[in-house]
Amino acid sequence: MTPASAPFVCHGCGARVDAAAALPFRCPNAGADDVDHLLLPVDGAPVFPSVREDNPYLRYRHLLSPYRLARSAGLSDDAWTEFVGRLDEQLVDIDGSGFRITPMAAQPELAQAIGFGGALWVKNETGNVSGSHKARHLMGVMLYLRVIAAARLSVGDGLTHRRLAIASCGNAALAAAVIARAADWPLDVFIPPDASAAVVSRLKELGARISVCARQGGEAGDPCFLRFREAVQAGAIPFGVQGTENGLAVEGARTLAFEMAEAFAVARQAPEAVFVQVGGGALASALGQGLALAAAAGLIAKAPRLIAVQTAGCAPLDRAWRKMADAHLAEAGQHRSRFMWPWESVPHSIAHGILDDETYDWLEIVKAMQQTGGRSLVVDEETLARANELGRRLTGIPASATGTAGLAGLMADPTGSGPAAVIFSGVDR
Ligand SMILES: Cc1ncc(COP(=O)(O)O)c(C=O)c1O
């Protein structure tokens, strides 16, 4: 048998990490220079399923690096089905539902109300595990942890004694807490002082250990993220949704793009644009990567234009995108701080879930925007509020203002004609 292997490559420095032998979390060269370090799985030829399987981690398993690692380590297909199935049963017990393909439907009334001439498709993630798409990211990480333990790979030695850690104020923290609980793994959550009381109480119910992180004078960047990094340096497993901190986090959410591409293929629609709300950037990065894979597999004719939507209150990706006008991607990847740095003022918006000080996963988004002819958009508070009101009323989907911010982007620029898609995520709590 060939030795177990699941290669990852850093998109900035080219470092190779084999997930069978070393944890593919942060690039080993990160922190030493100004390069944008991010570990990406080396994808095989994209194979889309021909069978009907409604759990995305079963349906798309051939497209997931933890599955490929499991098989190369000698674990059977049934073993994978069992990991996914057991976690899913626990998720149902803890949160009421496991992972299932989420609905996506054309919303003609909404399209008409915002003056968009093409078909408008809304993917509804509010009914996903813990109420948003965020759990997709973390399921990918948890499956990797399960595989290395079951295959007794030495890279997993001692891991069960290390706590999981995440920095987040809302949906991602809840997702992490639900998945950690399903896996019976202790979790530390770093949250800001203004995190919602409902979120904090649910985190406590789920058994997460909470650290409240206030801003400290003279410190640049999100204090929750800084404390999270310290915890990871002290031995915690990065269980957050920033690709830069864990190379597996973005991959798990590519399943969202796969589902969208399959739904478009079934409806015989060629999506022209996807408008996506951007905070830390993992969602848009996953969509860009997943739609590119779907296009490479011939499922859709080409990857739709990726349009990244941020709020006027906090738009570090938009700032980077403007600076990119006269720079090449490769050059930007070597000089991160010229393009991406923490937002200087304390941001406010009704879309508070996308107020990340930095767009950690910015470079993959920029790449996808360049490759698809997409762009960055900044929306004001009035448009965000109107998008949320119209989006909820005309679709019946109870999404938060963060979760309808992609629609606000389309409202700010409804000039396209082709099918466009938005993702409603983050149930209003
Ligand atoms: C509902 C919702 N949509 C989108 C996002 C943006 O995701 P990302 O931080 O990966 O850009 C968030 C982030 O918290 C969110 O809660």
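1. **Before you start.** Keep in mind that this is a predicted model, where local features need pLDDT of at least 70, side-chain atom pairs count only at pLDDT 80 or more, and totals for chains, interfaces and linings use all residues. Residues are numbered from 1 along each chain as its sequence is written.

2. **Around the ligand.** There are 20 residues around the ligand, and Gly279, Gly280, Ala282, Gly353 and Gly426 come nearest (a residue is near if its C-beta atom, placed from the backbone, lies within 6 Å of the molecule). By class, the shell has seven nonpolar, 12 polar and one charged residues. For that sorting, Ala, Val, Leu, Ile, Met, Phe, Trp, Tyr, Cys and Pro count as nonpolar, Asp, Glu, Lys and Arg as charged, and the others, Gly among them, as polar. Helix H11 (282-296) and helix H6 (171-182) each give the shell at least two residues, and H11 has the largest share with three. Helices (H or I, at least four residues) and strands (E, at least two) are DSSP runs, numbered from the N terminus. The ligand's shell draws residues from both domain 1 (7-93 + 134-249) and domain 2 (104-132 + 253-424), so it lies between them; the domain bounds come from an automatic or database domain assignment.

3. Have a look at strand E5 (residues 120-124): five of its five residues are buried (20 or more other C-beta atoms within 10 Å of a residue's own; exposed is 12 or fewer, partly exposed is in between, and C-beta atoms are placed from the backbone). In a regular strand the side chains alternate between the two faces of the sheet. In E5, Leu120, Val122 and Asn124 point one way, while Trp121 and Lys123 point the other. E5 pairs with strand E4 (residues 104-106) in the antiparallel sense over three bridges, and Ala106 stands opposite Trp121. With strand E13 (residues 420-424), E5 pairs in the parallel sense over five bridges; there, Asn124 has Phe424 as its bridge partner. Pairing takes at least two DSSP bridges between the strands.

4. Arg152 sits in the loop between helix H5 (134-150) and strand E6 (164-167), with a positive phi near 50 degrees. Most residues other than glycine have a negative phi. Asp184 also has a positive phi, about 60 degrees, without being a glycine. Its place is the loop between H6 and strand E7 (187-191), and Asp184 is exposed, with 9 other C-beta atoms within 10 Å.
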